[in-house]
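Hi,

Here is the structure I promised to pass on to you. Have a look at it first, and then read my notes below.

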Amino acid sequence: MGCSIAQFFVLGVIIIYCFTQITTWQWNQIRFNYSAQEFPVSIGVVVFSYTSQLFLPSLEGDMENRGQFKVGRN
C-alpha cells in the first residue's frame, strides 16, 4: 500500500509540474510519431516497469522457502 501511495504522490507531483510549465512549451516542435506495431511493446514495457513495483513486496512475502534466497548485505 505504501508503494501505491508513493507512486500516486510522485505521479501527482509530475502532472502538477507539467501543468505549471505548459506555457513554456513550444507546441510547434512537438511531433507525435505513432507506430501501430511498436505501440503495444512500449505500453508493455511501461506497465511492467512501473506497476510491478506495487506487487513485488507481497510476492516476496509469499515465497515458500525464503531461507534459500540469500540477502546481500554491504
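Helices (H or I, at least four residues) and strands (E, at least two) are DSSP runs, numbered from the N terminus. The protein chain has three helices and zero strands, and its elements run α-α-α from the N terminus on.

Please keep in mind that this is a predicted model, where local features need pLDDT of at least 70, side-chain atom pairs count only at pLDDT 80 or more, and totals for chains, interfaces and linings use all residues. Residues are numbered from 1 along each chain as its sequence is written, and side-chain values use heavy atoms, with hydrogens and water left out.

The predictor's confidence in each residue, from 0 to 100, is called pLDDT. Its mean for the protein chain is 79, and 70% of the residues reach 70 or more. Helix α1 has the highest confidence, at a mean of 90, while helix α3 (residues 56-61) has the lowest, at 68.

Val10 is partly exposed, with a relative accessible area of 46%.

Enjoy exploring!

Terms used. Buried < 20%, exposed > 50% of the residue type's maximum accessible area, 1.4 Å probe, protein only.
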